[in-house]
Structure formats: structure tokens, C-alpha cells
Amino acid sequence: EQGATYSDNVDGSGSAVPSGTVDTTTLGSYTITYNYTDSSGNAATPITRTVIVEDQTKPLLTLNGDSTIYVEYNGTYSELGAVFNDNVDGTGDAVSSGTVDTSTLGSYTITYSYTDANGNVADTITRTVIVEDSTKPVLTLNGESTVYVGLDGTYTESGASWTDNYDGSGSAVVSGTVDSTTLGSYTITYSYTDSNGNVADTITRTVIVEDQTKPVLTLNGDSTIYVEYNGTYSELGAVFNDNVDGTGQAVASGTVDTSTLGSYTITYSYTDANGNIADTITRTVIVEDSTVPTIILIGNPTIYVEYGDTYTENGASWTDNYDGSGQAVVSGTVDETTLGTYTITYSYTDSNGNIAEEVTRTVIVQDTTAPEV
């Protein structure tokens, strides 16, 4: 209350008496009246003051949530809104204006406003909505994650593909080389960064250059060898030829017992330093008896028998490297009653079919006896 003053010719001056009240909790127009009666009973003409209780306070706006919101490309924007707080109207939802197009990257502004019932306009506030692409592309290998290439072979790059929520799809960037002339493991890396700077997680392919070629074996000498019974077998061996290891002696397995007739197999093998196993090859060793027996006459090769006497057969013996020894087979006859020359033949075929060279004895039936007179 600012009050009022009076001025009087007798009383002088002072404060007038106010009457009336103002309820500032209720909007409206209030009248305050001021009067004064002096000590002589003279009443002054009253004066008044009009007090208008009005709403002069602007509402206050407050965002729900953050002032900057990030929304993924082609995602869904959910409006969080804002609230007003007013000394008269209380609280409620502010008015929002502005749109967000999540199919288009960019920065969007949502504005919030409110005017209270008494025309007080709140200071507007804004929210920035950024539609962004923060999704990394995804890479997928074409083909196997591990590829094996033969030494000196050709490596064919299968590549990898990317898919992206913004860019679509395409072929990934390839880095790394494969030297097929050098054994080892090589790594090929695939990558892609989309047009909005999102870097895909790289993926890799392992390319192993390995020796896939089997060594080749070659016999020294013939594939079939004949060894005489109780003779000596000399191993000729075999050689390997390999694209990495070069050349050398193959591994021989198997034994030959020259004291026993039969067929023996010697096997040759080789596994190179990279585990490639050559196709085995074999040699057949035949222990055989090819020696012909020897026949020896018992007695003289020429025998004379007197006419009419008896021829006594001395026979012949044979010796053989396998069968041992024995009596030869005798063929031929002697007729002691007939003068002439007779041939006795001696022969033998051993148990392995070897035929001895025949020997002969000549038996001459003769008459050397003088006549009696």
C-alpha cells in the first residue's frame, strides 16, 4: 500500500486513512479509498486507487529427455515432448512443432511453445533431432575361410561382399597377396567403410600354399630280377623325384632269402617333407635254380668187352647245386654176343627242371681170342 496524504489549513498534513483490500491470489480489479476528516469535522473529498491483480508471469518450459537426440537412419523417432509450468495454469504439455524424416539424414529442430490463459507467452525451447547412420556395414566372405593352393599353382580371389543399411551392397576392399611360389600361410583381409564413415569389422581368409604334389618313384634296374639259388642279391634301389625335396633314394622294404626258392617283393616308398606320399612301386626278385646238374662218368669213357663176356655197367654220378648228388639215369644196352660198338647214355634232370648235359660211354664188343687148333 502506497497510501495518500492530506493537507489541512489547521491540522497541517499527514496520512489519509485507506479503506479496501486487495486479494493478490485472485485476479481482478480492486479499489482502495482514501479519506480524512480534520479536527474541526471537515471531511475531505475521498480519492481512490484502482489495483488490478493480473497474471504477468510467463510460463516456464522444460524438455522431457535430452536436448539433442540421435535417431538411426530409417529408425523410429519417438516424440518425448516438453511440459509447461505456469503460476496460474499449472502444468501440462507444451505445444510441439516440427517434423523428423528418418529416411533422410540430417539435423531436425522440434520447437516447444505455450501461451497461458492470460496471454503470457513462454520462451520457446527446442530439441535437436539428428538422423544419422551409425550402423556398421556387415562383411560376408565369398567361399571358404581357409583355401589351400598347390605350390606354383594359381590362387583365385573369391572376394567378399558387404551389406549396409544406407549404401546397400557391394564388393569389399581386398588387401593382402599370395605368393604361390613360396610355401606358407597368407592372410587376405576384407574391409569396407560406408559413405557415412562407419567402418565394418574386417574379416579375413587364410590361404595356405602347400605342397600337394606326390613324389614320383623310379626303379633302378629291372622290375623283375632273377637271382641264382644261394647266390647274392644286390639291392639296386629306387629314386624319388619331388618338386620340393628334389631327388634321392627311396625307402626299400622287404627281404630276399636266396637259400629259399621263391618270388620276393621289394617295395619302395617315399613321403616328402610336406607329407605327400608317393605311389609305391615294387620289384619282383625271383630266387631260382637255373644251374644244370653235372654228370661224371664212373670209369673209362670207352670200355672193351670180349665177345661172349659180360658187360658190367659202372654208371655215372651227378652233382647239383640244389639236389645234391646221385646216380645218373642210364640208357642204352650192350649185346655181348654181337660184335660192335654200343653207346651208353647218362642223363639227369634236377627237381627244378634243369637238364644236365648228357655224357656217353662207348662199349666195344670185340673178339680178341685166338682160335684153337
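Predicted model: local features only at pLDDT ≥ 70, side-chain atom pairs only at ≥ 80, totals over all residues.
For background, strands of a sheet pair through backbone hydrogen bonds, either parallel or antiparallel.

Now the sheet around them. β31 and β32 belong to an open sheet of 4 strands, in the order β28-β33-β32-β31, and the pairing is mixed. At the edges sit β28, 302-306, and β31, 329-331, each of which pairs on one side only. From one strand to the next, the twist averages 25 degrees.

Next, the aromatics. How many aromatic pairs does the structure hold? The count is 7.

Y6 and Y36 form one of them, a stacked pair at 3.5 Å centre to centre, with 5 degrees between the planes. Y6 is in strand β1, residues 5-8, while Y36 is in the loop between β4 (28-35) and β5 (47-53), so the pair ties together parts 30 residues apart in sequence. Y6 has a relative accessible area of 17% and is buried, because the cut-off for that is under 20%.

F240 and Y270 also form a stacked pair: 3.7 Å centre to centre, 5 degrees between the planes. Strand β22, residues 238-242, holds F240, and the loop between β25 (262-269) and β26 (281-288) holds Y270, so this pair ties together parts that are 30 residues apart in sequence.

Key:
Residues numbered from 1 in each chain as written. Heavy atoms only, no water. Pairing = 2+ DSSP bridges. Helix = DSSP H or I, 4+ residues; strand = E, 2+ residues; numbered from the N terminus. Axes fitted to C-alpha atoms, helices over the stretch in contact; angles between N-to-C directions. Phe/Tyr/Trp six-rings, centres within 6.5 Å; stacked < 30°, edge-to-face > 60°. Buried < 20%, exposed > 50% of the residue type's maximum accessible area, 1.4 Å probe, protein only.
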